[in-house]
Amino acid sequence: MIDLHMHTFFSDGELIPSELLQRARAAGYTAMAITDHADSSNIEHILTNIVKFVNDIQGHTDITVIPGVELTHVQPSLIPHCVKLSRKFGAKIVAVHGETVVEPVAPGTNRAAIEAGVDFLAHPGLIAEEDALLASEKGIYLELTTRRGHSLTNGHVARLAQLYRANLILNTDSHSPGDLLSQPLRRAVIRGSGLDNAEMEKVLKNSADLVESILQKQ
């Protein structure tokens, strides 16, 4: 299993990176990304520590761990700047906290994230058709999520991704141990978004493809 959206106590998660890693390993994960919430005030702090952790565990675990950030509630006009800062300080995967229907995310965030070239757009809510099309054209992944609240619009995201051939991935947006899911439940969430079995397998493969692409760039 692969999960590219996970949080530690460097933002609002409950666990230190080592415990998150060990719990993910025990749950059967093969790759994970630590993507704590960030804006221009803490990008350097988060990534300095996460990159150090990832470097320290090299050769000491069989799970691939990728350092990243989730740019969260950043004003749309500042997203390109924060994406550049994130790459500068070592983020191998950059996500933006999309326009979920359960939080007051600034309108235009989805569009700005896609235009800035993030790796994936987290829980994009009621994403506009033109934004789904642009994500497809730019090869940016749209997230299906198992996170309560954010998952309310999975069906809408899946439908537009199918319509415009945008790539989907599934993540847990884990903040606590109970957020880690078994493979059967992860598959059930994808099927529940309205996708058939073949489309479900493609979603799962997309995560592996994204990890491979990131590792090839290192």
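Which β-α-β unit do E6, helix H6 and E7 make, a right-handed or a left-handed one? In this predicted model, strand E6, helix H6 (residues 154-164) and strand E7 together form a right-handed unit.

Let's zoom out to the sheet. Seven strands make up an open sheet, lined up as E1-E2-E3-E4-E5-E6-E7, and their pairing is parallel. Strand E1 (2-6) and E7 sit at the edges with a single partner strand each, so one side of each has no neighbour in the sheet. On average, neighbouring strands here are turned by 30 degrees against each other, ignoring direction. If you wonder what holds such strands side by side, strands of a sheet pair through backbone hydrogen bonds, either parallel or antiparallel.

Here are two of the pairings:

| Strand pair | Sense | Bridges | A bridge pair |
|---|---|---|---|
| E4 and E5 (residues 120-122) | parallel | three | Val-96 and Leu-121 |
| E6 (residues 141-145) and E7 | parallel | four | Thr-145 and Asn-171 |

Now back to E7 (residues 168-171). Side chains in a regular strand alternate between the two faces of the sheet. In E7, Leu-168 and Leu-170 are on one side, while Ile-169 and Asn-171 are on the other. Are these four buried or exposed? All of them are buried, and both faces of E7 are covered.

Val-101, Val-102, Leu-126 and Leu-152 make a nonpolar patch of about 400 Å². One of these residues, Val-102, lies in the loop between strand E4 (93-97) and helix H4 (109-116). Val-102 counts as partly exposed because its relative accessibility is 42%, and partly exposed covers what falls between under 20% (buried) and over 50% (exposed).

Technical notes: Residues are numbered from 1 along each chain as its sequence is written. This is a predicted model: local features need pLDDT of at least 70, side-chain atom pairs count only at pLDDT 80 or more; totals for chains, interfaces and linings use all residues. Side-chain values use heavy atoms; hydrogens and water are left out. Patches are made of residues with over 30% relative accessible area and no salt bridge: like charges are joined within 9 Å, nonpolar side chains (Val, Leu, Ile, Met, Phe, Trp, Tyr) within 5 Å. Accessible areas come from the Shrake-Rupley method with a 1.4 Å probe; for residues, only the protein chains shown count as cover. A salt bridge is a side-chain nitrogen of Lys or Arg within 4 Å of a carboxyl oxygen of Asp or Glu. Helices (H or I, at least four residues) and strands (E, at least two) are DSSP runs, numbered from the N terminus. Buried means under 20% relative accessible area, exposed over 50%, partly exposed in between (1.4 Å probe, protein chains only). Two strands pair if DSSP finds at least two bridges between them. A crossover is right-handed if, with the strands pointing away from the viewer, the path from the first strand over the helix to the second runs clockwise. Axes are lines fitted to C-alpha atoms, for helices over the stretch in contact, and angles run from 0 to 180 degrees between N-to-C directions.
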